[in-house]
Amino acid sequence: MPVALRPQASAGDIVVTLCPNAALALAALSALLFVPMMGGMAAAGFLAFGLALVLRRPAAALAEARAQAPLWLLALWCLASVIWSDDPALTLRYGVQLALTFAVAIAMASRLAPLTFLKLVLAAYLLAALASFATGRARSDGLGFLGIFNSKNALANAASILLLAGVCLAVDRRLPLRWRLAGAGAAGLGGLQVLMAHSVGGAVASATVLGALALLLALRRLPPRPRLVAGIIGTLAAGLALIALVAQIDVLAARFLDATGRDFTLTGRT
């Protein structure tokens, strides 16, 4: 529940409201993004803010854990693998980290509305994008912007999330104008950093999801029956396109790799 910092403000004063769940979630997400640059300090910040979110409502945390039993079975399996691990200490460490991350993620998903979480994602990734510009770090060979991250692909991943979150807010007509403008600005910044990263995978993934989003928005404008017909036709068309793609995969792959400056070893990865 939002808490008013000045509940008895007089007329003309600005009242600032703060939701503890949102504030702790934003701090945890932001700390997680800065782990590549700040290392253990940022990781400790993520755990501190994330566990503060979980423990501020212990009873709710237990109920949330029971509701997400399959996730906890996965965490328990990873912890149980200590028994046959070649490096039990390291396995135990990663298993505990996974369990703590699950606890924080489940608390966020259970206590924050989807739109609230989307706004927090925008704020956290926007902060990371601005910090990346502030550092000005790029690869020594000039083939990709790094920012606060350790690789161009990591930067492209963060920039893609900023781009998509920004677009989702910008196209939502239910939101106030300030949020739609913020979304449009964040989308532009995210798209710019995707291009600066020179990450083909990040660019293709972003374009694919944006295309799917545009299709969904277009379908929403249709009545139910035409929407169903359009969905069936679209599925059939996608299936035919996939068949044609598989039939010409060698030729298309060669052209794609040539256009992007790659080779069949994916820059020595295979």
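What follows is a short chat about the predicted model shown above.

Q: What kind of model is this, and what pLDDT do local features need?
A: It is a predicted model, in which local features need pLDDT of at least 70, side-chain atom pairs count only at pLDDT 80 or more, and totals for chains, interfaces and linings use all residues. Residues are numbered from 1 along each chain as its sequence is written, and side-chain values use heavy atoms, with hydrogens and water left out.

Q: How many helices and strands does the protein chain have?
A: The protein chain has 12 helices and 2 strands. These are DSSP runs numbered from the N terminus: helices are H or I with at least four residues, strands are E with at least two. From the N terminus on, the order is β-β-α-α-α-α-α-α-α-α-α-α-α-α.

Q: What share of the 270 residues is buried?
A: Buried residues make up 29%. Buried means under 20% relative accessible area, exposed means over 50%, and partly exposed is in between (1.4 Å probe, protein chains only).

Q: Switching to charges: how many salt bridges are found in the whole structure?
A: The search finds 2. A salt bridge is a side-chain nitrogen of Lys or Arg within 4 Å of a carboxyl oxygen of Asp or Glu.

Q: What does E64 form a salt bridge with?
A: E64 pairs with R111, and the closest N and O atoms are 3.0 Å apart. E64 lies in helix α4 (residues 58-67) and R111 in helix α6, so the pair ties together parts that are 47 residues apart in sequence.

Q: Is E64 buried or exposed?
A: E64 is buried, at 12% relative accessible area. R111 is buried too, with a relative accessible area of 12%.

Q: And which side chain meets D172 in a salt bridge?
A: That of R174, at 2.9 Å from N to O. R174 is exposed at 74% relative accessible area, whereas D172 is buried at 13%.

Q: New topic: how many aromatic pairs are there?
A: The count is 3. W77 and W84 form a tilted pair, 5.2 Å centre to centre with 50° between the planes. The rule is that rings of Phe, Tyr and Trp (its six-membered ring) pair if their centres lie within 6.5 Å; planes under 30 degrees apart are stacked, over 60 edge-to-face, and the rest tilted.

Q: Where is W84?
A: W84 is in the loop between α5 (69-80) and α6 (88-111).

Q: Last one: where is L163?
A: L163 is in helix α8 (residues 152-170), and it is buried at 11% relative accessibility. The C-alpha atoms of L163 and L126 are separated by 9.5 Å, with the two residues 37 apart along the chain.
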